[in-house]
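This briefing concerns the structure shown below, with attention to its pockets and charged side chains.

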Amino acid sequence: MSQHVPLTVSTREARGSSATRRLRKAGRVPGVLYQPGGDSLAFDADEYEVRRLIRRGGIRSAVVDLTVDSDAPRTVLFKQWDSDPVRDEITHLDLQEVDLTVEVEADVPVILVGTAAGVREGGILDQTALTVRVRALPDALPRSIEFDVTGVELGESVHASDL
């Protein structure tokens, strides 16, 4: 089950390349909150807080209590984020507001545990899918799915249905 994590953001009025560059230079990350049946909301968040949330792992399926300009918290999920691989900075966020009573789909990381029997025999373990798409209520989304590969023999494949 997912644990709710808090995030506080500010509404952003200025749009465009120069405005977002100024935000990033000030340590803020521009973002968009997509609301069901409504207009999207432009915001900016503290880059340090956003990076801390993303690096803690499992954030793709974590329920976030988003506070916008000191309003009541909204329940959202991380939809996508962009980062600069050279500067190691988060450059943009997309969040999706959700209803806790309606199922959603989210990509959940797959973590392989153990050493495969085929690897002990000299083979190589290749994980082609790092995530699987899961449908569940937002509060019931797992942070990750662990799969024990100890019994995987040389030349054997494991499919998403085996998880």
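About 210 Å³ of space lies in the second largest pocket. Here a pocket is an open set of points on a 1 Å grid over the protein atoms alone, where a 1.4 Å probe fits and protein lies on both sides within 12 Å along at least five of seven lines. The volume is the space filled by probe spheres set on the points, which are joined across faces, edges and corners. The model is predicted: local features need pLDDT of at least 70, side-chain atom pairs count only at pLDDT 80 or more, and totals for chains, interfaces and linings use all residues. Residues are numbered from 1 along each chain as its sequence is written, and side-chain values use heavy atoms, with hydrogens and water left out.

**Second largest pocket**

- The lining consists of Arg60, Leu77, Phe78, Lys79, Gln96, Val104, Glu105, Ala106, Asp107 and Arg133, where a lining residue has an atom within 4 Å of a point.
- Strands E5 (74-84) and E7 each supply at least two of the lining residues, and E7 gives the most, with four.
- Strands (E, at least two residues) and helices (H or I, at least four) are DSSP runs, numbered from the N terminus.
- By class, this lining has five charged, four nonpolar and one polar residue.
- In this classification, Asp, Glu, Lys and Arg are charged; Ala, Val, Leu, Ile, Met, Phe, Trp, Tyr, Cys and Pro are nonpolar; and the others, Gly among them, are polar.

**Largest pocket**

- The volume of the largest pocket is about 490 Å³.
- Its lining comprises 25 residues, and Leu125, Asp126, Gln127, Ser157 and Val158 are those that lie nearest the centre.
- The elements that give two or more residues to this lining are strand E7 (104-113) and helix H3 (117-120).
- The lining of the largest pocket divides into 15 nonpolar, seven polar and three charged residues.

**Salt bridges around Arg133**

- The whole structure holds nine salt bridges, each defined as a side-chain nitrogen of Lys or Arg within 4 Å of a carboxyl oxygen of Asp or Glu.
- Arg133 and Glu105 form one of these through their side chains, at 3.5 Å from N to O. This pair links distant parts of the chain, with Arg133 in strand E8 (residues 131-136) and Glu105 in strand E7, 28 residues apart.
- Arg133 also meets Asp107 in a salt bridge, at 3.1 Å from N to O. Here too distant parts of the chain are linked, since Arg133 in strand E8 and Asp107 in strand E7 are 26 residues apart.
- Glu105, Asp107, Arg133 and Arg135 are linked in a network of salt bridges.
- Arg133 is exposed, with a relative accessible area of 53%, whereas Glu105 is partly exposed at 40% and Asp107 is partly exposed at 25%.
- These classes rest on relative accessible area (1.4 Å probe, protein chains only): buried is under 20%, exposed is over 50%, and partly exposed lies in between.

**Other charged residues**

- Asp84 forms a salt bridge with Arg87, and the closest N and O atoms are 3.5 Å apart. Asp84 is buried, at 18% relative accessible area, while Arg87 is exposed, at 58%.
- Asp94, found in strand E6 (residues 89-97), is buried yet has no salt bridge, and the nearest side chain of opposite charge, Lys79, is 6.3 Å away.
- The side chain of Asp94 makes a polar contact with that of His92, at 3.1 Å. A polar contact is a pair of N or O atoms within 3.5 Å; within protein, one must be able to donate a hydrogen and the other to accept it, and residues adjacent in sequence count only if both atoms are side-chain atoms.
- Glu13 is found in the loop between strand E1 (5-11) and helix H1 (17-25), and is exposed at 68% relative accessibility.
- Glu13 and Leu41 are 28 residues apart in sequence and 9.6 Å apart in space, C-alpha to C-alpha.

**Overall architecture**

- The protein has three helices and nine strands, in the order β-α-β-β-α-β-β-β-β-α-β-β from the N terminus on.
- Along the principal axes, the C-alpha atoms fill a box of roughly 60 × 40 × 20 Å.
- Of the 163 residues, 36% count as buried.

Notes: Lys and Arg count as positive and Asp and Glu as negative; His and the chain ends are not counted.
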